[in-house]
Amino acid sequence: MGCVHGKCCSRYPSPSDSDSKDNGEVTSRKNRHLITQRALEHVAVPPHNYTLQYCFLTQRGYYPDDPDKGNQDSFCIKTKLQGNPNIHFFGVFDGHGQFGTECSNFAKDRLVEILANDPTLADDPVQAYNSACMTTNLELHDSEIDDSMSGTTAITVLVIGDTLYVANVGDSRAVIAVKDEDRILAKDLSHDQTPFRKDECERVKECGARVLSASQVEGFGDPDIQSWGDEETHGGDPPRLWVQDGMYPGTAFTRSVGDRIAENIGVIADPEVSTIQLTPNHLFFIVASDGVFEFLSSQAVVDRAARYSDPRDACSVIAGESYKLWLDHENRTDDITIIIVDIKDLSNVA
């Protein structure tokens, strides 16, 4: 990835800046990638005779008005959860607000820890996910972190055998690549929880939220116009959530971990959990913060990833293009975090 507008996109944090722990079980290749400076890692799923090959990349955003702002994204990769070679965890957490970094790091650590200590995880992963997200949220409220106007989204994928369990809280995203004859199609594994979604919009309104764009709440647009189109075609002024008598909190998502004040108007930490059984037609899946998907569709991201045999190259290209598109449309970029997991040798799965 080259430099965009004078900012070098190839300066990635060291491994200590994130959480990719293998408990000594993951085999890494010696050669490190030129840009990501990461080894390509892989872990076997012996009960089903296939391998997960994965890489990750996280890039701090460019904030000209706050040049010292840190990367509020965090991520977690834990293989062989509970010592079980059948269970693996991949998650991205996108913090926001003054204490967003602290919130995302707290959620990153506690969510997987709670799952790892849940004896029901293998038998009832959906319930375990629900319980873990809600407990993480409550513990964040009770922690020393001020989450009144700060929080984090959480998009996580739990691999159990030949099944993916995807839990989403917020507007980050997971997507899987599916081979369909001579095409590779993107299938969303999560659905962004924002006021663009009619069901989420109505839910938060019933909880007392005003749903308006920033221009509407500031008096520059008709507040009675409650049609914003969709995220793919909408411009840079999305619908947001506001209390009835104030101009806060202004969240552009309807679910998150933290955001204690926003809970009063319907912002909840309840995850939406989806499941998908893997087949030989599933090539890879991607877990990423909304910094990737703001200007790239799921299909566009999958198309770019599919061009490269080395997922580290794909991470670099996707992050670089996302970064450039942000600067093409705005005077800043969001933080960008992406995990790509290749599904290898799945043909023998029963």
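Among the contacts in the protein with a separation of 6 or more, 68% are accounted for by residues 24 or more positions apart, where contact means heavy atoms within 4.5 Å. Of the 350 residues, 55% count as buried, a class defined as under 20% relative accessible area, with exposed meaning over 50% and partly exposed lying in between, for a 1.4 Å probe and protein chains only. The protein has seven helices and 19 strands, which are DSSP runs (helices H or I of at least four residues, strands E of at least two) numbered from the N terminus.

This is a predicted model, in which local features need pLDDT of at least 70 and side-chain atom pairs count only at pLDDT 80 or more, whereas totals for chains, interfaces and linings use all residues. Residues are numbered from 1 along each chain as its sequence is written, and side-chain values use heavy atoms, with hydrogens and water left out.

**Helices α6 and α7**

- The axes of α6 (residues 298–306) and α7 (residues 311–329) come within 8 Å and cross at roughly 140°, the axes being lines fitted to C-alpha atoms, for helices over the stretch in contact, and the angles running from 0 to 180 degrees between N-to-C directions.
- The two helices α6 and α7 are therefore oblique to each other, since angles under 35 degrees count as roughly parallel, over 145 as roughly antiparallel, 65 to 115 as roughly perpendicular and the rest as oblique.
- On the α6 side the meeting residues are Val301, Arg304 and Ala305, and on the α7 side they are Ala314, Ile318 and Glu321.
- By class, the residues of this contact of α6 with α7 are four nonpolar, no polar and two charged; Ala, Val, Leu, Ile, Met, Phe, Trp, Tyr, Cys and Pro count as nonpolar, Asp, Glu, Lys and Arg as charged, and the others, Gly among them, as polar.
- Buried in α6 are Ser298, Ala300, Val301, Val302, Arg304 and Ala305, and the elements covering these residues include β11 (173–180), β12 (183–188), β18 (282–288), α5 (290–293), α7 and β19 (336–344).

**Strands and sheets**

- An open sheet of three strands runs in the order β13-β14-β15 with antiparallel pairing, two strands being paired if DSSP finds at least two bridges between them.
- At the edges of this sheet stand β13 (210–213) and β15 (249–251), each with a single partner strand, so one side of each is left without a neighbour in the sheet.
- From one strand to the next, the twist averages 35°.
- Two bridges link β14 (residues 239–242) to β15 in the antiparallel sense, and Leu241 stands opposite Thr251 in β15.
- Elsewhere, β5 (residues 41–45) pairs with β6 (residues 50–59) over five bridges, again in the antiparallel sense, with His42 opposite Gln53 in β6.
- The β5 and β6 hairpin has four residues between its strands, and Asn49 takes a positive phi near 60° there.
- The covered face of β5 holds Glu41, Val43 and Val45, while His42 and Ala44 form the uncovered one.

**Individual residues**

- Val217, in helix α4 (residues 214–217), counts as buried at 13% relative accessibility.
- Leaving out residues up to four places away in sequence, Val217 touches Arg210, Leu212, Trp242 and Met247; the C-alpha atoms of Val217 and Met247 are separated by 7.2 Å, although the two are 30 residues apart along the chain.
- Asn137, in helix α2 (residues 125–142), is buried with a relative accessible area of 3%.
- Neighbours within four places in sequence aside, Asn137 is in contact with Ser256, Val257, Gly258, Glu263 and Ala269.
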